[in-house]
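Welcome to this tour! Open your viewer, get your selection tool ready, and follow along stop by stop.

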Amino acid sequence: MGNILELKDVELIYHSPQSETHALEKLSFQVENGEFVSIVGPSGCGKTTLLSLIAGILKPTSGKITISGKHISADASQTGYMFQRDNLFEWLNIWKNVTLGLGFKKRFTNENKDYANNLLNKYGLKDFKSHYPSQLSGGMRQRVALIRTLSLRPKLLLLDEPFSALDYQTRLAVQDDVHAIIKNEQKTAILVTHDIGEAIALSSKIIVLTSRPATVKNIINLDFDKNLTPFERRKNIKFNEYFNQIWSELDS
Amino acid sequence: MKNRNLNYSSAHKKYLRGLKLKTFSVHLVRILLLFVVLGLWELCATTQLIDPFISSSPSRIINQIKILAGNGALWHHSSVTLYETVLAFSISTLVGTIVAILLYAVPFIRKVLEPYLIVLNSLPKIALGPLIIVWMGTGTKAIVAMGILICIVITTISMLNGYLSVDKEKILLLKTMGASKLQILFKLILPATFSDFISILKINVGMSWVGTVMGEYLTSKAGLGYLIVYGGQVFKLDLVMAAIVVLCILAGLMYAIIASLELIVNSKRNK
């Protein structure tokens, strides 16, 4: 498999006129190809900051971040970012929303269009291509947002609490959807969340961070049957064991 | 979709009927109000309850408009003012928007100019009247300049605020997709602020008429503002009233054009 992402001694200091904030310190971990990694930590510990670093939006104060051995740059061919809100453009239909990113950097090729089209067909949005975002449910909108991200074929998906804006019932359904899509398309994903249950339901590995300045506290490999859906995992006995373990990690 | 009302319950049909009735009565009362006011005005004037020489009357206004239309003066004065207004409206909207985009794109200039914009915005532009006349002469140029002055600052400030309030996360999203600054402008900033643009167009319709009529008060040889000033000076209040009525109609038409433009674009967007 090999590592797709590698962070080594990453440090980040935020500057503001009033003070400087030590957000991340000596943070190191690796993500292997095909893994689904969740990052949990106390609130305000810099989880989103970490994703911004991996996406190349922020530069680390010191340390090294590499994707497939290369230094990161803000380029969608490396990473695809998915936000808490779907951020669909209300004035564009679903097809134009999904292919939005293809317009930049001259990626609007037939091959890429076909890929986006296939994704929409495969994941239940076939009849909604000419609909507008306001005509779709919250769950469908988030699926469109995921396909928009996937259509750029990023090596690594960065998910920044993409389920937290959904109501509980929809959230469980969308988690199953997103998990299935990511597995199907054989993508590597990093999920940032404050929801321990969500992290256990979705991931193959959970990275627990300390409070600020954040560094890796523990890495827990989850051992579930490969064919379980996130919803089925929640009913598994191991789910509670992991939950308690991570809960106590975060507490102490 | 059209046959959907067949399936409605009787309660829903009743609700729809009630809704229709309400809209209808609003329209009815609206028109009635106009006729009642005009009728009362006419009545008071003919019975000499009020002096029609000072207050004019609907029939006298109509007569005056007929006279103006008959000798071609109506068209002449209206077209002069309309031309000035449309010119001031177009230039100030276009230039104001471009300046707003520049200020948005270059935060440094934006920060430098911020206090000046605020001062310019609160300055009563009419105070610049004498300067405009000295600098621009007493022709159309000065009147259009007055119209532009009145519209352009508010256009720039409103559009800039619109651009600045575009969702930061959407900008970030486009950045992670590798969009250039120009692509962010055309794919996100401009379409996202379309409704701001329409509302500034609507504001500018009103403001540009204010500007040109004010300009005509300052200096003019023709135009509806000229007619109003002239009518006031020679105490022909029928003429003043007639010019005001024509102004109302023209301004209303211009507003209607903008409103239908908004409808057309919105229906295209949501098809």
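In which handedness of crossing does H4(A) pass H5(A)? H4(A) passes H5(A) in a right-handed crossing. A crossing is right-handed if the near helix is turned clockwise from the far one by less than a right angle, and left-handed if anticlockwise.

Before you select anything else, note that this is a predicted model, in which local features need pLDDT of at least 70, side-chain atom pairs count only at pLDDT 80 or more, and totals for chains, interfaces and linings use all residues. Residues are numbered from 1 along each chain as its sequence is written, while chains are lettered from A and ligands numbered from 1 in the order in which they are written.

**Stop 1: two helices of chain A**

Select residues 138–150 of chain A for helix H4(A), then residues 168–184 for helix H5(A). Helices (H or I, at least four residues) and strands (E, at least two) are DSSP runs, numbered from the N terminus. H4(A) and H5(A) pack at an angle of about 25°, with their axes 10 Å apart. Axes are lines fitted to C-alpha atoms, for helices over the stretch in contact, and angles run from 0 to 180 degrees between N-to-C directions. The two helices H4(A) and H5(A) are therefore roughly parallel to each other; angles under 35 degrees count as roughly parallel, and those over 145 as roughly antiparallel.

Now show the side chains where they meet. H4(A) contributes Gly138(A), Gly139(A), Gln142(A), Arg143(A) and Leu146(A), and H5(A) contributes Thr170(A), Ala173(A), Val174(A), Asp177(A), Val178(A) and Ile181(A). Two residues are in contact if their C-beta atoms, placed from the backbone, lie within 7 Å. This contact is made up of 5 nonpolar, 4 polar and 2 charged residues. Here Ala, Val, Leu, Ile, Met, Phe, Trp, Tyr, Cys and Pro count as nonpolar, Asp, Glu, Lys and Arg as charged, and the others, Gly among them, as polar.

**Stop 2**

Move along to Gln186(A), in the loop between helix H5 and strand S8 (188–192) of chain A. Gln186(A) has a positive phi of about 50° although it is not a glycine. Is Gln186(A) buried or exposed? Gln186(A) is exposed, with 8 other C-beta atoms within 10 Å. A residue is buried if 20 or more other C-beta atoms, placed from the backbone, lie within 10 Å of its own, exposed if 12 or fewer, and partly exposed in between.

Next, pick Pro213(A), in the loop between strand S9 (205–209) and strand S10 (216–221) of chain A. The peptide bond from Arg212(A) to Pro213(A) is cis, with omega near -10°.

Then select residues 47–55 of chain A, helix H1(A), where 8 of the 9 residues are buried. Among the buried ones are Leu50(A), Leu51(A) and Leu53(A). Just after H1(A), Gly56(A) takes a positive phi of about 85°.

**Stop 3: where the chains touch**

Show both chains together. The contact takes 13 residues from chain B and 15 residues from chain A. On the side of chain B, helix H8 (168–176) and helix H9 (181–192) each give two or more residues, and H8(B) has the largest share with 6 residues.

**Stop 4: helix H12 of chain B**

Select residues 237–269 of chain B for H12(B), and residues 224–233 for H11(B). Their axes come within 7 Å and cross at roughly 160°. H11(B) and H12(B) are therefore roughly antiparallel to each other, and their crossing is left-handed. The residues of this contact divide into 10 nonpolar, 2 polar and no charged.

Between H11 and H12 of chain B, click on Phe235(B) in the loop. Phe235(B) has a positive phi of about 60° although it is not a glycine, and with 10 C-beta neighbours inside 10 Å it counts as exposed.

**Last stop: a serine**

Finish at Ser78(B) in helix H4 (residues 73–105) of chain B. With 21 C-beta neighbours inside 10 Å, Ser78(B) counts as buried. Which residues does Ser78(B) touch, not counting residues up to four places away in sequence? Ser78(B) touches Leu224(B), Val246(B) and Leu250(B).

Technical notes: Angles under 35 degrees count as roughly parallel, over 145 as roughly antiparallel, 65 to 115 as roughly perpendicular and the rest as oblique.
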